[in-house]
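Me: I'm new to this one. Can you walk me through it?
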There are 2 protein chains.
Amino acid sequence: MPPFAFEQVFASRATRMQASEIRELLKLLDQPDIISFAGGIPDPAFFPADSFAAAYARILGDPAQRNHALQYSVSEGYPPLRHWIAAYMGAIGVPCSEKNILITSGSQQALDFLGRLFLSPGDTALVTAPTYLGALQAFNAYEPRYDTLELTAGANSPAGFIERAAAVGSSVKFAYAVPDFSNPSSATLPLNGREALLDLATELSIPAIEDAAYTALRYDGEPLPPVLALDVARNGDIEACRTIFCGTFSKTLAPGLRVGWVCAAQALIEKLVLIKQASDLHSPTIDQMAMHQVAEACFADQVAQLRGAYRERRDAMAAALEAHMPAGVSWTRPEGGMFFWLTLPAQLDGKDLLARSVAEARVAFVPGGAFFADGSGANSLRLSFSLSDPAKIAEGVARLGTLLAA
Amino acid sequence: MPPFAFEQVFASRATRMQASEIRELLKLLDQPDIISFAGGIPDPAFFPADSFAAAYARILGDPAQRNHALQYSVSEGYPPLRHWIAAYMGAIGVPCSEKNILITSGSQQALDFLGRLFLSPGDTALVTAPTYLGALQAFNAYEPRYDTLELTAGANSPAGFIERAAAVGSSVKFAYAVPDFSNPSSATLPLNGREALLDLATELSIPAIEDAAYTALRYDGEPLPPVLALDVARNGDIEACRTIFCGTFSKTLAPGLRVGWVCAAQALIEKLVLIKQASDLHSPTIDQMAMHQVAEACFADQVAQLRGAYRERRDAMAAALEAHMPAGVSWTRPEGGMFFWLTLPAQLDGKDLLARSVAEARVAFVPGGAFFADGSGANSLRLSFSLSDPAKIAEGVARLGTLLAA
């Protein structure tokens, strides 16, 4: 019998679903002679595995805790973990309570939920160019159009966004940004850019979505206040704020438990709880309990260790790029995060280069074009330094430099 | 400052989001003098907690496994778990391979993904009346209309569904059913009803979604073949099948890890993998590894134990209903699952009764109206027998009978 043609009953949004190129790139990691700068993934050597082992053993060894850990639970998330996160948010300038926190399955799920809450087909989402590929994948399920957010002070014309949207019968629903060490550009939004984002959101009467996946991983300089903290400073209280902060433990403690959170006004959290319930009821209870124990036990030490280790790798990649990249290739030294963003001469295509790089230099990376909602950016690429030690970074960048100079 | 009015930028679907009544009812469980027949949740006394404790200890104690457990992984799910599930599907009449299996965060997430894949606003979904409340919540995010599936052989007119949909500019996208010990009706679809479902789906050229959450919990009689098994028998190969089987470990091993699966033709699984990636990247690696080990170690024993224990409770509730319900209240003895479905005299309202029952009898249940997409069913209610021992069941049903007889 021929296969049933499921595509005849697909929703219109199905046409937007695309496999991530990163997916294919991750498979290259299994080839031991490949040096991969592709995935933005933490080095498992730094996972606090003993602390996790102790936490799961404690939870499952305690009759009072284990039945709770294995049972259904509330969609908002495990209250002590929400309480811990609320205190953490307070420490980074956002006074709030656990009522302002929803636990999500990684911050990826928060982006999916925010797309679901705000976007009807044809609505406008404002994103930077480039922006996080996973955000585009999450939002695409809700069939928006995109307009390009410029995060330089004074660069955005609210009227321009409204006019361009209205011209196609659309309206602007939110602005999305990764202010700290952005994936992929590694750029950090300065204070006046953060204020400009809030100004724009206020003038457009829209929420601002702040993706803070990398915020804890700062290697130089002083932390900048989260956009949500600036919003609280303007409005006096998180309940009056339009900013929606998406956080995660994936880059600090471990991604495999899929524990992230949203911090925002309670009225918004309550709506997201309904979406969480309809989506998957709740994130796994046992992992939330373990994450809470590990965060209590070692969050600060873990972040300090990661900063030291990743700083060394960042410095190794900066030195190697300086030493090996030919003229015409440019980048900015990131203050944190996991990435260098390289701009190649205009005639070069990152995708073509990747094919040659894997075949000839045995080095993998992510071509930059994937990160642009508008299809531009072909002459760029993203290099991650999180997964390789300094010697491997030096070797891989040298090989890539040789390829580019050829 | 006044709160930011997020609702001014909500998507149209936000109007359909509703808090589940079950949510409120679950809070009653914290009141020790309440006898709750509300939640369809497993008794934690039967969780294989020692087996889970051993699995997490083994995984996190092994340097080779623990880095994998804590790291990002593939969206399809943990391959050995998919392999185990494929063998399980083979044993219940569905020969397939791990390529036909996607791991989801409970079968709730599978329903969300299937709504996302098939439903554009205004599309038609066929559901029974009553049907699983969580399915309605999942599908509602995609703004369908519903038409009522009759699962008696010969009761469905394909032309009728098409005509009613076409009259409002809609088309039929799928049929959804819970064939075994349905939540909430506790009805089991007989073999000719399963064939009728496949006939209807074939004539309408739509997929059939088979929600098999309770399938393993049969207390009497011989198992009926899954709809997917009948589809394989008709078409020779799962790759030619239109049926999409949603399974879960929530009712057999433990719900707190949120591990479910979809089994279907590979072409469909590949599309769902893209949705999974955009939604939350993947289900937690560590829980999938633990669930695999526990399933390997004790799935069959666990199911045997649950059947014995829940059969006793089912029998206790049947006897108590027989002894205490006044004339005019009817129900069918379920062959499996967790529920009795009661139909009250037409003038009674399940919601009103619940308020009185909690206040006067200290007994909780779920009013039946919540399970009807069409707003009917007010004079029905769902009683779960999974969480109370036989003595409590007898006591609670007696109190409810007294209230109804008054």
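Me: How many residues of chain B are in contact with chain A?
Reply: 76 residues of chain B are in contact with 75 residues of chain A, where contact takes C-beta atoms, placed from the backbone, within 7 Å. This is a predicted model, where local features need pLDDT of at least 70 and side-chain atom pairs count only at pLDDT 80 or more, while totals for chains, interfaces and linings use all residues. Residues are numbered from 1 along each chain as its sequence is written, and chains are lettered from A and ligands numbered from 1 in the order in which they are written.

Me: Switching topic, how many helices and strands are in chain A?
Reply: Chain A has 13 helices and 12 strands.

Me: And what box do its C-alpha atoms fill?
Reply: Roughly 65 × 60 × 55 Å for chain A, along the principal axes.

Me: Back to chain B: where is B:Ala320 found?
Reply: B:Ala320 sits in helix α11 of chain B.

Me: Why does B:Ala320 count as buried?
Reply: Because B:Ala320 has 22 C-beta neighbours inside 10 Å. Buried needs 20 or more other C-beta atoms within 10 Å of a residue's own, exposed is 12 or fewer, and partly exposed is in between, with C-beta atoms placed from the backbone.

Me: What is B:Ala320 in contact with, leaving aside neighbours within four places in sequence?
Reply: B:Ile393, B:Ala394, B:Val397 and B:Ala398.

Terms used:
Two residues are in contact if their C-beta atoms, placed from the backbone, lie within 7 Å. Helices (H or I, at least four residues) and strands (E, at least two) are DSSP runs, numbered from the N terminus.
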